[in-house]
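I opened the notebook to look up a few features of a model that is new to me. My entries follow the display.

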Amino acid sequence: ALGGGHGLAASLRALRRVTDDVTAVVAVSDDGGSSGRLRREFDVVPPGDLRMALAALCGDDSRGRTWSRVVQHRFSGAGELAGHSVGNLLITALWEETGDIVTGLDWVGALLGAHGRVLPVATVPLHVVADVAGLHPEDPSIVERVEGQVQVATTGGDVLALHVEPADAQACPEALSAIAAAQAIVLGP
């Protein structure tokens with residue numbers, strides 16, 4: 001299953017009821033919220049969409065529902081942890097401990113009893129870049145470069161083209177292997 005965010009999570013919740021042989025290949029371009037903060041501070045791929053996929057693959061029993069809620073839990077308050085989710089911190093910690101993105105995700109999946117596997121689409125953070133027209137009221141034909149997933153998603157102009165940087169980013173080898181071996185490929189909305 002390919003995608004990111006809430007759409008992929010909804011697809012995974014449905015797919016895990018059909019089979020335990022599910023692999024999520026997840027976008028790594030988020031730059032907002034807790035994911036953006038961890039991405040900037042630790043120079044890691046943003047963990048949020050990966051976390052949501054892992055939570056969606058938790059079981060329907062009491063243990064699975066509890067772990068799903070725990071990894072999705074966000075700290076409140078006004079301190080440095082405010083807005084961070086437990087799962088984002090756990091994933092980032094396991095990346096530091098194992099030194100490997102895929103190994104860290106596999107460990108989190110095992111801890112949660114996930115019904116399937118979660119992999120990043122790439123092992124480096126990706127940046128969404130858009131060419132946008134209509135941002136200048138005096139000359140709407142001017143095309144500007146808008147950078148970052150949050151900024152692109154909330155731009156007031158017309159998106160003419162989208163790019164991902166770095167353009168030569170390598171796909172996660174395990175994700176490519178999973179796609180090659182797949183019996184079906186599902187695109188998350």
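**Ground rules.** I am working with a predicted model, where local features need pLDDT of at least 70, side-chain atom pairs count only at pLDDT 80 or more, and totals for chains, interfaces and linings use all residues. Residues are numbered from 1 along each chain as its sequence is written, and side-chain values use heavy atoms, with hydrogens and water left out.

**The sheet.** I looked up the strand order first. An open sheet of three strands runs β1-β2-β3, with parallel pairing. At its edges I found β1 (2-3) and β3 (117-120), each pairing on one side only. Strands here are DSSP runs of E with at least two residues, helices are runs of H or I with at least four, and both are numbered from the N terminus. Two strands pair if DSSP finds at least two bridges between them. I then checked β2 (residues 23-26), which is joined to β3 by four bridges. Within β3, R117 stands opposite T23. Helix α3 (residues 48-56) packs on the sheet and touches β2 and β3. The direction of α3 makes about 165° with that of β3. Such angles run from 0 to 180 degrees between N-to-C directions, with axes as lines fitted to C-alpha atoms, for helices over the stretch in contact.

**R16.** Is R16 buried or exposed? I found R16 buried, because its relative accessible area is 12% and buried means under 20%, exposed over 50%, partly exposed in between (1.4 Å probe, protein chains only). R16 sits in the loop between α1 (5-15) and β2. Leaving aside neighbours within four places in sequence, I listed its contacts (heavy atoms within 4.5 Å). They include V22, A56, C58 and H115. C58 lies 42 residues from R16 along the chain, and their C-alpha atoms are separated by 8.7 Å.

**D43.** I went to the loop between α2 (33-42) and α3 for D43. Phi of D43 is near 50°, a positive value in a residue other than glycine. D43 is exposed, with a relative accessible area of 64%.

**P166.** In the loop between β6 (158-165) and α8, I located P166. The peptide bond from E165 to P166 is cis, with omega near 0°.

**I179.** Where is I179? I placed I179 in helix α8 (residues 173-181). I179 counts as partly exposed, with a relative accessible area of 33%.
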